[in-house]
Amino acid sequence: MLHRIGWTPPPPPRRSAGAGGESTRRPVITAEQSPRTTPPAAPAELSATGALWTRLVALHSRVDALVERALHRGFGIGLSEFLALSACAGAPDGEMRMQDLTDAVNLNQSSVSRMVTRLERTGLTERRSCEHDRRGVYTGITGHGMDVFRRAVPVYESVLAEALDLSAADPELASLVEHLSALRT
């Protein structure tokens, strides 16, 4: 397979002769000398679903990068922090259990814990204990966090629209953006 794409392994390093003067170098078998029991497979191609998913990941990455940069520049928060503030702002009493927050921002528990620590350090959220279950830990948005979130929403929405418009100009992504736009209406 490697030979088909133009790559051949480098020869092994030369070794000095052994104690009796014989060479300790092993013979190299090239791809042409190697016996094959089956013919080489045709190049693999993605299914329609695989190709669509690859384009969707590319669109997601492009949009995320632009939104992330704008939120960081304007408010000192990343996209995950914005999504956490959004989830807390929309929750009853402005607070969420850590596990529910993990699901809301699509990060693993360890990453959410570090993110919540950063949000607490900047005064955007605070940890709260559950009145009914002292083992339960909640993350609640603070007044300052709500203010930052409210100011960040228009920036998020504006940059999101701009990123999607830019992506619509890319022939590889245009149909995806068109489908997303159709879903909004």
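Tutor: The largest pocket has a volume of about 400 Å³. On a 1 Å grid over the protein atoms alone, a pocket is an open set of points where a 1.4 Å probe fits, with protein on both sides within 12 Å along at least five of seven lines, and lining residues have an atom within 4 Å of a point; the volume is the space filled by probe spheres set on the points, which are joined across faces, edges and corners. Of the 18 lining residues, His60, Val63, Asp64, Tyr156 and Leu160 are the closest to the centre of this pocket.

This is a predicted model, in which local features need pLDDT of at least 70 and side-chain atom pairs count only at pLDDT 80 or more, whereas totals for chains, interfaces and linings use all residues. Residues are numbered from 1 along each chain as its sequence is written, and side-chain values use heavy atoms, with hydrogens and water left out.

At least two lining residues each come from α1 (48-75), α2 (79-90), α5 (143-168) and α6 (174-184); helices are DSSP runs (H or I, at least four residues) numbered from the N terminus. The largest share, six residues, is supplied by α1. By class, the lining holds 12 nonpolar, four polar and two charged residues, where Ala, Val, Leu, Ile, Met, Phe, Trp, Tyr, Cys and Pro count as nonpolar, Asp, Glu, Lys and Arg as charged, and the others, Gly among them, as polar.

Ser80, Glu81, Ala84 and Leu85 of α2 make the contact (heavy atoms within 4.5 Å) with Met115, Arg118 and Leu119 of α4. These residues divide into four nonpolar, one polar and two charged.

As for confidence, pLDDT (the predictor's confidence in each residue, from 0 to 100) has a mean of 84 over the protein chain, and 74% of its residues reach 70 or more.
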